[in-house]
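User: I am new to this structure. Please walk me through its charged pairs in short steps.

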Amino acid sequence: MTGLTLDTGALIAIEGGSRRMALLVERAIATGAELAIPAGVIAQAWRGGARQVRIAKLLQLQVTSIVALDAKMALRVGARCAATRTADIADVSVAICASDRGHPVITSDPGDIAVIDPALILVRPQ
């Protein structure tokens, strides 16, 4: 496994104690595979507090990369939103992040991501 890109649904699955997500994270740790998470995804999922301890731990892992929404990425996301008539910038940033890295996407909304980039491999978190 070269790595995975996680969307908001993947973080919610981790928060909920999904065994499948736990196994994917364990495998990434064991193999040193990157877990890429766009910053907008974190903003969508994060509410703080003790119930999100699993997400907090995930964000601190050595294999986790938080992908910034800087000016260059923002322009790419905006252009892709226009091209695909998609309004969800988090979904678009997930698709771009995964495409840039050659990652599959862990997503609870495969239809939304497939519209943005039908070439991506999409995996459900549950």
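User: Is Glu26 buried, partly exposed or exposed, and what is its relative accessible area?
Analyst: This is a predicted model, and the value is computed from it. Buried needs under 20% and exposed needs over 50%. Glu26 falls in between, so it counts as partly exposed, at 42%.

User: Which residue forms a salt bridge with Glu26?
Analyst: Side chains of opposite charge can pair when their charged atoms come close. For Glu26, the closest N and O atoms of the pair are 3.7 Å apart.

User: How many residues apart are Glu34 and Arg101?
Analyst: The side chains of Glu34 and Arg101 meet in a salt bridge, 3.3 Å from N to O. Glu34 sits in strand E2, and Arg101 sits in helix H6. The pair links distant parts of the chain, with a separation of 67 residues.

User: Which residue meets Arg51 in a salt bridge?
Analyst: Arg51 lies in the loop between helix H3 and helix H4. Its partner is 36 residues apart from it, in helix H1. The N to O distance is 2.9 Å. The partner is Glu15.

User: Is Glu15 buried or exposed?
Analyst: Arg51, its salt-bridge partner, is exposed at 55%. Glu15 has a relative accessible area of 18%. The cut-off for buried is under 20%, so Glu15 is buried.

User: How many salt bridges does the structure hold?
Analyst: Glu34 with Arg101 is another one of them. The total is 4.

How values were computed: Residues are numbered from 1 along each chain as its sequence is written. This is a predicted model: local features need pLDDT of at least 70, side-chain atom pairs count only at pLDDT 80 or more; totals for chains, interfaces and linings use all residues. Side-chain values use heavy atoms; hydrogens and water are left out. Helices (H or I, at least four residues) and strands (E, at least two) are DSSP runs, numbered from the N terminus. Buried means under 20% relative accessible area, exposed over 50%, partly exposed in between (1.4 Å probe, protein chains only).
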